[in-house]
There are 2 protein chains.
Amino acid sequence: MRTLVSGMAPGSPAPSERELVSQFGVARMTVRQAMDALVVEGLLERIPGKGTFVARPRRTASAITSYTEEMARRGMLAESVTLLARREQAGPGVARALAISEGEPIVHWRRLRRADGAPMCLEDAYLTESLLPGFLHAQLPTSLYDALEQRGLRPTWAEDSINADLCHGDEAGHLDIDAGAAVLRHSRRALSGDKVVMVSRSVYRADRFTLWVQIGRDA
Amino acid sequence: MRTLVSGMAPGSPAPSERELVSQFGVARMTVRQAMDALVVEGLLERIPGKGTFVARPRRTASAITSYTEEMARRGMLAESVTLLARREQAGPGVARALAISEGEPIVHWRRLRRADGAPMCLEDAYLTESLLPGFLHAQLPTSLYDALEQRGLRPTWAEDSINADLCHGDEAGHLDIDAGAAVLRHSRRALSGDKVVMVSRSVYRADRFTLWVQIGRDA
DNA sequence: TAGTGGTCTAGACCACTAT
DNA sequence: TAGTGGTCTAGACCACTAG
């Protein structure tokens with residue numbers, strides 16, 4: 001069904017409901033229900049009396065994006081250096097956030113994120129190991145979100161918390177700023193459906209990074 | 001239809017579809033469509049094989065909220081002191097954000113926001129005066145969003161930007177923190193439909209405030 | 001086993017748009 | 001006037017839940 005829409009240009013007309021009825025030999029209500037799903041997803045747009053059309057993509061601001069995607073949107077080149085990638089046992093905080101038991105095996109992945117060559121952010125990601133068998137033994141992926149997607153665990157939504165702080169001494173060197181400079185601390189709990197897929201804590205250089213959020217409108 | 005749900009406790013069962021069919025003498029598809037709307041709105045929840053139930057209110061994180069509402073959600077008492085409320089001419093930055101011409105009259109409203117008695121945030125709100133005739137001559141409202149709502153200008157969505165900074169000297173006294181302490185700077189462009197209704201810049205004490213955002217899921 | 005929601009059929013009439 | 005989506009009817013079978 002969605003293949004009918006996949007490659008079409010925004011604004012171009014979709015087949016009419018009655019057309020699909022005769023084409024597939026199903027009832028019109030059935031066609032409507034199938035199309036309803038695409039309308040809700042924002043792929044189709046119905047105009048009474050005129051027809052059904054491929055919708056213009058809605059604003060993508062509040063969609064969940066990876067660091068790489070986010071920097072691409074800013075026209076910056078994203079790079080990452082892995083500082084640490086190992087198996088650990090979940091401490092109390094991470095265990096609670098991941099909705100697992102304390103002491104269960106997790107993957108801890110720390111990366112320095114660069115943008116246009118200069119440090120932007122220091123990120124610690126924590127993942128439930130049992131969801132990602134063999135993750136550390138294979139080559140580490142370029143994009144964590146892509147790797148999750150390949151396992152059917154693409155985050156569909158996230159709970160983020162953001163606050164301001166002063167840069168700690170142990171972070172300053174990595175970020176190439178002075179201790180005491182302003183930083184933005186960003187925590188994310190990323191979920192795929194009901195499953196907590198990843199928890200992360202990031203420290204962004206405030207002089208290079210402003211977070212943009214769109215609120216109260218579809219993604 | 002929605003009166004069937006209005007006063008009911010979350011989790012309590014709604015009448016079954018077939019029950020409503022015989023009660024109202026309509027077809028089941030009709031009942032389903034009416035209920036579908038409520039399900040999409042998040043008022044009802046269907047559980048196959050069990051029934052339809054009044055949904056627990058979904059997380060409201062990505063709905064646009066006022067300061068007062070936000071603090072209430074944190075269980076804190078919100079208060080505001082007006083530091084400045086006057087007519088000004090739009091400077092270049094505010095004019096662009098409000099989508100008006102430079103020099104057009106605006107309302108500038110500066111408030112110190114308190115929570116549980118202590119300073120939390122310093123907010124400068126800018127509004128297009130022509131949208132709010134007589135705003136400054138009447139008594140200033142307790143809630144800006146309520147005042148906008150009464151004029152049919154309740155913000156339905158907003159573009160926010162958030163970054164970290166160090167507290168400036170002129171802000172420190174109001175916020176009762178030291179200059180150089182970490183603060184969260186929050187800018188908002190609030191829209192009602194296509195109309196820009198308000199632009200604001202806020203400075204939050206980082207030691208008292210963490211922003212929570214939910215991304216990629218309905219409000 | 002009875003009741004529930006999920007899905008589907010094969011029609012129907014309406015308001016609206018375009019020609 | 002023909003075609004579109006919006007809504008509705010009066011059934012039907014299915015998978016699932018619960019007693």
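Biologist: How many bridges join strand S1 of chain B to strand S2 of chain B?

Modeller: This is a predicted model, in which local features need pLDDT of at least 70, side-chain atom pairs count only at pLDDT 80 or more, and totals for chains, interfaces and linings use all residues. Residues are numbered from 1 along each chain as its sequence is written, and side-chain values use heavy atoms, without hydrogens and water. Strands are DSSP runs (E, at least two residues), numbered from the N terminus, and two of them pair if DSSP finds at least two bridges between them. S1 (residues 44-47) and S2 (residues 51-54) of chain B run antiparallel, and the number of bridges joining them is 4.

Biologist: What area is buried between chain A and chain B?

Modeller: Buried area is the accessible area (1.4 Å probe) that two parts lose on being put together, summed over both. Carbon and sulfur atoms give 60% of the area buried between chain A and chain B, which is about 2700 Å².

Biologist: Which residue in S6(B) does Gln214(A) stand opposite?

Modeller: S9(A) pairs with strand S6 (residues 157-166) of chain B in the antiparallel sense, over 5 bridges. Within S6(B), the residue opposite Gln214(A) is Glu159(B).

Conventions: Chains are lettered from A and ligands numbered from 1 in the order in which they are written.
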